Amino acid sequence: EHRFPVSYLFKGDLPATTHSHLQMLDYHFTATATTSEGETLSFGHTLELKRAIHPGLPKNSIRIFPPTNIQAKLTYTPIIYPTGALSITMHVSGMNTTREKMLYRWRLRKLSWRIEEHETKLSYPCPEHVDRITTTNDSQSRAIKNTEIKTIGEAEVSAHKTPWKTDVSAGEVDAEWTCEIKSPRKVSCDVVSPSYGLHISHHFILEMVVVEEAARINRPNATRWAVFL
C-alpha cells in the first residue's frame, strides 16, 4: 500500500458545486497509476466544493413610496442559509399628512413577503448549429438564454399571530417577523460564473396593503372615507 499526498489550490473565481434545475456542476478528482508489472490502476472521487460565507453585519434598506410620504426601513441579516431563517425588522414612517384642515393617514391592513430564486444559464451551441442562434444582448457570443424563477418561501404576516405596533398619532408602524425557506425543490446558493454562463441570485419581495383615511383635524376620530392602495 502506497500513499500519495495531494493538495490543490482552487481559484477564487470558480463556482461552487451546484445542482440546480438548469445545470449540474461537479468537480472530480481522478488518478491513474501503472505498476511495475504493467497493470493500470485508476481512482476517482467526487469533490464537493463549497464557499465559506461569513454572516456579516445587519443590512439596512430604505424605500420611499411616492407620491405619498410613506417611508419603509428594513433591517435584516444579509446572509440566509437554505436551512436557516431570515429575521426582519421593519419601521414605517410618514403615515400622517395634513392638508387644508384635513388629516390624512394610512393604516397598514396586510403584510406579506416572499423569497424568489432567479436562475439564468447560457447554453452554447456546437459548431454545426451555431448559425441558428442569434447573438445575446449581454454577450457577443452566440448562446441560448434559459431562465427560471421559483418561489422558495412565502407567507403573510398576520396581525393576530405576529402583531405590528401602530402609533397613530406619530404615523409610524413597527413590525418584526422571521422568514423561513420552505420549498419542495432543492434550493441553490448564490452563484456568479460568467465563464460558465451561470448566474443564481435571490430576491426578497415585501408587499403591503394600506388604506387611506381622512378626517377633520378637530375631529381625528371621525373617519370620512377610505381608499385602498
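Analyst: A nonpolar core is a set of buried Ala, Val, Leu, Ile, Met, Phe, Trp, Tyr and Cys residues joined through side-chain atoms within 4.5 Å, where buried means under 20% relative accessible area, partly exposed in between and exposed over 50% (1.4 Å probe, protein chains only). The largest one here has 24 residues. This is a predicted model, so local features need pLDDT of at least 70 and side-chain atom pairs count only at pLDDT 80 or more, while totals for chains, interfaces and linings use all residues. Residues are numbered from 1 along each chain as its sequence is written, and side-chain values use heavy atoms, leaving out hydrogens and water.

User: Which residues of the largest nonpolar core touch the most other members?

Analyst: Ile88, Met90, Val92, Trp164, Trp177 and Cys179 do. Strand 6 (70-76), strand 7 (85-93), strand 9 (102-123) and strand 12 (172-180) each supply at least two core residues, and strand 9 gives the most, five.

User: What does Trp164 touch?

Analyst: Contact means heavy atoms within 4.5 Å. Leaving aside residues up to four places away in sequence, Trp164 touches Leu108, Arg109, Leu111, Val157, Ser158, Ala159, Val173, Asp174 and Ala175. Across the chain, 59% of contacts between residues at least 6 apart in sequence join residues at least 24 apart.

User: How many helices and strands does the chain have?

Analyst: Zero helices and 15 strands; both are DSSP runs numbered from the N terminus, with helices (H or I) needing at least four residues and strands (E) at least two.

User: What makes strand 11 and strand 12 a pair?

Analyst: Two strands pair if DSSP finds at least two bridges between them. Strand 11 and strand 12 have three bridges, in the antiparallel sense, so they qualify. Asp167 has Glu172 of strand 12 as its bridge partner.

User: Why are strand 5 and strand 11 called edge strands?

Analyst: Each of them pairs on one side only, so strand 5 (59-65) and strand 11 (165-167) count as edges. They belong to an open sheet of five strands with antiparallel pairing, in the order 5-6-7-12-11.

User: Which peptide bond is cis, with omega near 5 degrees?

Analyst: The one from Pro66 to Pro67. Pro67 sits in the loop between strand 5 and strand 6. In general, most peptide bonds are trans.

User: How much of the chain counts as buried?

Analyst: Of its 229 residues, 29% do.
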